[in-house]
Amino acid sequence: MGRRRRPAGRAAGTGTGARALPEAIAALCRTLPAGPGPETFRRAKFDLPEAAPALWRLLSCVLSPRSEADTTGSLTREAQVRLVKSAMRSQGYPRPALFQLPEDGSQGSRELLLALSWLLARGPLIEQLLARTRVRLGDEMPVCECEDLAYGRASPGLPTPSKDADGCVDVRHVQWLMGKLRFRWRSLISSHQEHCALLSKIHKYTQGCHSDRNLGHLSVAETELLRDPEGGQQDTVLGASPPDSPNAGSQPTFLPSIPERVAGELELVSRELQALQKELQEAVEVRRASWEAQVRGQGPEWSAEMRASKEAVGQELAALWQAWEREGGLAQPHRPNRLVRSEAGAPPGQGLWATEAIGALRSKEACLEAVLCWLQGQSQQELARLAGALPGVIWIPPHGR
Amino acid sequence: MLPADCSLRLVAELRAALDACGEQQRQLDQSLRVCRRLLRAWEPTRPAAPEPTPGPEPNEEDPSPACAPSLQDLTELELLTQALEKAVRVRKGISKVGEGDKAPSLKPRTVATPPATTTSVPPQAPGQAGNGTSETRSPRGIRQPKVPARSLPEHRLLSTRERTSLGRGARATRPSLGDQQVTPSVTPLVPEAFTLKEKGTLLRLPMAFWKAASQNAHLWAQIDSTQASDSANATARTRFLLKMQAASGWPGVGLSAAVVEAEVGRLRKACLRLRLRMGTELAAAPTDCVQEYRCLLLLEGLQATVGQCLHWLQELRKVVAKHHLELCPSGMPARASCLCEGGADAAWSPQPLLYSSTQELQTLAALRLRVAMLDQQLHLEKVLMDELLPLVRTQRPCCVAVCRAVHSLLCNGGQHFPTVLQDEPAD
């Protein structure tokens, strides 16, 4: 029976199988959020309909985005079914039978069990679930890119409740919203700076306190614990939920059908790459022409030089590519991290130095700025062209452009 | 005025961005409140659990919300110190007993798992046996303001904690002391408030908490290491997945929207980096022939890479088009899980992020925010271009005001406006 995953990773030998399986299932039940009992699994194996609702609830809890995991308990059965089906589809679940199950969630416990096994086999599902609810003892500063997802992408298909009957707005309203956004960013940045200063102070003042010598000082959560041992009364850091996607509390957002969205993104990337290629082409042509003019009439020793240069550049490009892969790796083995104040120059052991993270972020910043400038340049050119075509109008771009 | 669908989309996007910022700000404000509170003087908190009035303890005073000591307290303090000399001998005698007694009675108050938020095990009191014996014992049953004011932080923490633990019934050792009124302090001062700045280095984490936390960390580290070295498990999983795939009867190769999006993300990143490198090369001024040649070769190499990316993109497009049917649902939730969360290389135990100065930490935070902001700006820029440029192109007649407004939005994020002059023909 290869159907059920054994999360404990014990040997699949039949000798230990008989004992290990019930224990493993019991452990699995303890870990899973919606708390199905081992009986549910047994019933599902025989495709009994009583097990289906519990499994729908479990899967909807597991598959919903992090921020909404708490609210899935309040979804109706139909909503849970829809959520599970669409999430499984986006993950590429291969069996069509799941998508044909009735919406009322009364059948299909065996299919659901298979789906759960598939999810368990594919990725570290249990660890993800545990990590969702883990207590964060340290002060975290995520340097990972996935945090960017939290910075507010609207879902285009969402029907926004608009104030006007027809929903039309003036351009000035859009300008005003942009200004408001800029202001919010500015205050966010200054709040963060203050937060860093305070964190730094707390770390400095509690140097030498921590029982773990590697860490050396207390985090805010730990200091808070010492200040208020009866922590439930205050809003402690331990009680606060970890920073999550900002859609918490709003309706679950729905995107338009995947082909449109994916096609749109592919289109964007394609345009960017093509534009880049054109620029490179122009640059290369110019340079090659000028260089060939220079090189005319060079002797045979020059061809040796050329070969050496070719090799060197080839190696440089390969190294560059590798460095990029590795740089992506800075964020790639995504781990939570914990801020630790320590003397510069001390051996880091297992840790990550802030200076490295800063370097990586700087290069990312440069990339993004370059692209933004380019996009703005494109728009500016087009608008200048359009406005310039108007008779009797002089178009003066703002200072600096 | 903008048309309805365009307006809807723009407003939706901007509102989402505003909400995200707002949410971040709220969480940050909360953290700031917590930090500021920690850095102020730690006033002794009123114990939360209602303490049962002690029967056999006539000297027990109800815990008051301690603030500045009142006049009455000060006089009482003086009285207590007068009794000090008499009590010294007694104290010395009982101190050994009290020490051994106290530890076991309070130790059982351990927390089982890290998520438990309260603990009342005192920090390592024995370590302070030398000068603090009396102080560690004395706060029991004595009102907060009268706590003698050598006020080592453990002392203060102990007093809070001991009161709560007492409130929970660990009173067994109290009677053994007998002498409730003993204040060992020689100098009755107004109790100093505890500040992190002055005395922070004296804090110690409770033993039970520390044990639980390190066990937790150890377990997560175990998960990391088993994940890394678990090949038998991996093959069993792959076999299972292949069996599922084969039994499904679908021709698809397990293509999922998530995979396609990941690829698109990779391509976008590659494009960014290529562009950056190109910029560096173009900006560099080659000094001699050889350098110029190398520059040229590098640019050609970049061009070839871009060509490869485009080719890969084409392939991806073909695959998406072919599996169009399979990817067409009625409505989908936004990303089911963070792209990073599910990576096979994900590690779970936190790693230290080391910084050496406030400046560095602030730079890191500022850069992180800047990158996020730029990312958002890019996204908004693309949305604006998508929505507004077609409007401008197709409007008949071409309205200058609209051009001007759109220009400001697209090219400066709404900060600056181009100047438009009307060129009147001179009569």
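In chain A, helix α3 (residues 52-63) and helix α4 (residues 77-91) pack with their axes 9 Å apart and at an angle of about 55°, where axes are lines fitted to C-alpha atoms, for helices over the stretch in contact, and angles run from 0 to 180 degrees between N-to-C directions. That makes α3(A) oblique to α4(A), since angles under 35 degrees count as roughly parallel, over 145 as roughly antiparallel, 65 to 115 as roughly perpendicular and the rest as oblique.

This is a predicted model, in which local features need pLDDT of at least 70 and side-chain atom pairs count only at pLDDT 80 or more, while totals for chains, interfaces and linings use all residues. Residues are numbered from 1 along each chain as its sequence is written, chains are lettered from A in the order in which they are written, and side-chain values use heavy atoms, leaving out hydrogens and water.

Helices here are DSSP runs of H or I with at least four residues, and strands are runs of E with at least two, numbered from the N terminus. On the α3(A) side the contact (heavy atoms within 4.5 Å) includes A:W56 and A:L59, and on the α4(A) side it includes A:V84 and A:M88.

Turning to the sheet, three strands form an open arrangement in the order β2(A)-β2(B)-β3(A), with parallel pairing, and two strands pair if DSSP finds at least two bridges between them. The edge strands, each pairing on one side only, are β2 (337-341) and β3 (352-353) of chain A. Between β3(A) and β2 (residues 351-355) of chain B there are two bridges, and A:L352 has B:L353 as its bridge partner in β2(B).
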